[in-house]
Amino acid sequence: MPEPFVSLSPSEMEVPQIYEILVAGVQPRPIAFISTISADGLKNLAPFSFFMAGGANPPSVVYCPTLNKEGGKKHSLINVEETGEFVVNMVTRDMADGMNAYSLDYPDRTNEWDIAGFEPIPSDEVKPERVKESPVQFECKAFEIILHGSSPNAACYVIGEVVKIHVAETVWNGRSIDPLKFRPICRMGGPHYLDTNSLELFSLEGSSGSVKPS
């Protein structure tokens with residue numbers, strides 16, 4: 001006999017419960033540290049675990065900055081709407097604590113690069129800078145932004161075409177990224193993460209839900 005299931009209809013559920021089930025059921029999720037810059041030059045850096053690679057011809061990625069309960073947009077969405085550019089910086093265990101510092105809310109106009117001490121380095125094809133500490137970085141041009149749903153937690157899918165790839169020599173095998181050397185962390189449910197090197201499950205204080213509120 002098959003195991004019994006609890007079957008749920010999203011139309012009959014509260015949004016927070018749906019969200020909790022999504023982040024607990026769709027895991028592990030890679031983390032994109034998204035760097036953007038506004039039209040007037042204000043920098044933003046924010047991690048997202050609602051993120052995934054797309055196709056390869058052309059190469060594409062997508063991240064999802066959800067709207068808040070008032071329908072407000074995150075800076076990582078506003079900036080890419082204004083400039084059409086962003087950089088995906090993959091997160092390793094050494095970067096975890098610094099990345100988690102960005103999970104808090106900060107006042108508008110805060111330069112979030114200053115919060116945890118990551119070093120910005122110039123990109124080749126786009127204006128947003130790259131995170132030096134990240135061993136794998138993707139410079140992207142926005143292809144399309146799609147709004148799906150309504151607040152709270154309406155999804156905005158930012159689809160980006162990768163125009164430049166940077167891989168640290170320490171994780172390069174001569175043709176591609178060496179999976180035995182590049183070991184990013186992944187997001188699990190709640191405050192939990194997976195270290196793909198040691199397969200250790202660890203938690204970061206202050207983390208909950210999606211990685212970044214702004």
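I began with Lys-164, which at 29% relative accessibility counts as partly exposed (buried is under 20% relative accessible area, exposed over 50%, partly exposed in between, with a 1.4 Å probe and protein chains only). This is a predicted model, where local features need pLDDT of at least 70 and side-chain atom pairs count only at pLDDT 80 or more, while totals for chains, interfaces and linings use all residues. Residues are numbered from 1 along each chain as its sequence is written, and side-chain values use heavy atoms, with hydrogens and water left out.

I looked for the partner of Lys-164 and found Asp-124, in a salt bridge of 2.8 Å, N to O (a side-chain nitrogen of Lys or Arg within 4 Å of a carboxyl oxygen of Asp or Glu). Asp-124 lies in the loop between S7 and S8 and Lys-164 in strand S10 (residues 155–167), 40 residues apart. Strands (E, at least two residues) and helices (H or I, at least four) are DSSP runs, numbered from the N terminus. Asp-124 is partly exposed, at 46% relative accessibility.

I then searched the whole structure and noted seven salt bridges. One of them joins Lys-43 and Glu-129 at 2.8 Å, N to O. Lys-43 is in strand S3 (residues 43–48) and Glu-129 is in the loop between strand S7 (120–121) and strand S8 (130–131), 86 residues apart. I read a relative accessible area of 27% for Lys-43, partly exposed.

I also checked Glu-119 and Lys-132, whose closest N and O atoms are 3.7 Å apart in a salt bridge. They sit 13 residues apart in the chain. Glu-119 is partly exposed at 36%, and Lys-132 is partly exposed at 48%.
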